[in-house]
Amino acid sequence: MGFATSGTGDADKKIAKSRGKEAIERLFSPEFRSRLDAIVTFSPLSFEVMETIVEKFILQLEAQLAERRGGLVNTSHEGLIRPSLRQRPIGQRGPSIPGPTAA
């Protein structure tokens with residue numbers, strides 16, 4: 001669970017740790033929480049790191065689809081996500097994935 005803010009100061013880290021602890025107490029039963037060894041708070045990933053992770057999974061998906069159906073029609077994802085908002089523009093869809101072809 002990510003509860004860290006974009007800041008890196010000690011106050012931000014304390015707030016993130018507090019939010020994480022509150023969420024864990026709210027979401028999980030006492031029996032489960034008693035089995036936890038530690039709660040690790042971490043900084044949010046940068047957009048570049050997230051993009052690298054997404055690229056990795058897109059490549060894996062392309063390889064799987066290539067084995068089954070011949071690949072993706074449109075593999076370009078440029079412009080689909082606004083870095084400032086971390087989301088797609090309203091009304092814009094992602095790349096289309098072809099259905100099975102008739103043989």
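Predicted model: local features only at pLDDT ≥ 70, side-chain atom pairs only at ≥ 80, totals over all residues.

Here is a chat about the helices and the surface of this chain.

Q: What share of the residues counts as buried?
A: Out of 103 residues in the protein chain, 12% count as buried.

Q: And the surface, how much is there and what atoms make it up?
A: The protein chain has an accessible surface of about 8,600 Å². Carbon and sulfur atoms account for 55% of that area.

Q: Okay, on to α1. Where does helix α1 run, and what does it span?
A: Helix α1 covers residues 10-27, 18 residues in total. From first C-alpha to last, α1 reaches 26 Å, close to the 26 Å expected at 1.5 Å a residue.

Q: Which residues of α1 are buried?
A: Those are Ala16, Gly20, Ala23 and Ile24. They sit on the same side of α1, because their arc around the axis is only 100°.

Q: Nice. What do the buried residues of α1 pack against?
A: They pack against α2.

Q: And which residues are exposed on the other side of α1?
A: On that side, Asp10, Ala11, Lys14 and Arg26 are exposed.

Q: Now α3: what end-to-end distance does that helix have, against what it should span?
A: Helix α3 takes in residues 47-68, which is 22 residues. At 1.5 Å a residue α3 should span 32 Å, and the end C-alpha atoms are 31 Å apart, which agrees.

Q: Which residues of α3 are buried?
A: Phe47, Glu62 and Leu65 are the buried residues of α3. Their arc around the axis is only 70°, so they lie on the same side of α3. The face turned away from that buried side carries exposed Thr52, Leu59 and Glu67.

Q: Changing topic: which residues make the nonpolar surface patch?
A: Leu27, Phe28, Phe32, Leu36 and Ile39 make it, with an area of about 430 Å².

Q: Where is Leu36 found, and what is its relative accessible area?
A: Leu36 is in the loop between α2 (30-33) and α3. Its relative accessible area is 34%, so Leu36 is partly exposed.

Notes. Residues numbered from 1 in each chain as written. Heavy atoms only, no water. Helix = DSSP H or I, 4+ residues; strand = E, 2+ residues; numbered from the N terminus. Expected span 1.5 Å × (residues − 1). Buried < 20%, exposed > 50% of the residue type's maximum accessible area, 1.4 Å probe, protein only. Arc of directions from axis to C-beta. Patch = residues over 30% accessible without salt bridge, like charges linked within 9 Å, V, L, I, M, F, W, Y side chains within 5 Å. Areas by Shrake-Rupley, 256 points an atom, 1.4 Å probe, with all protein chains shown as cover. Salt bridge = Lys/Arg side-chain N within 4 Å of Asp/Glu carboxyl O. Contact = heavy atoms within 4.5 Å.
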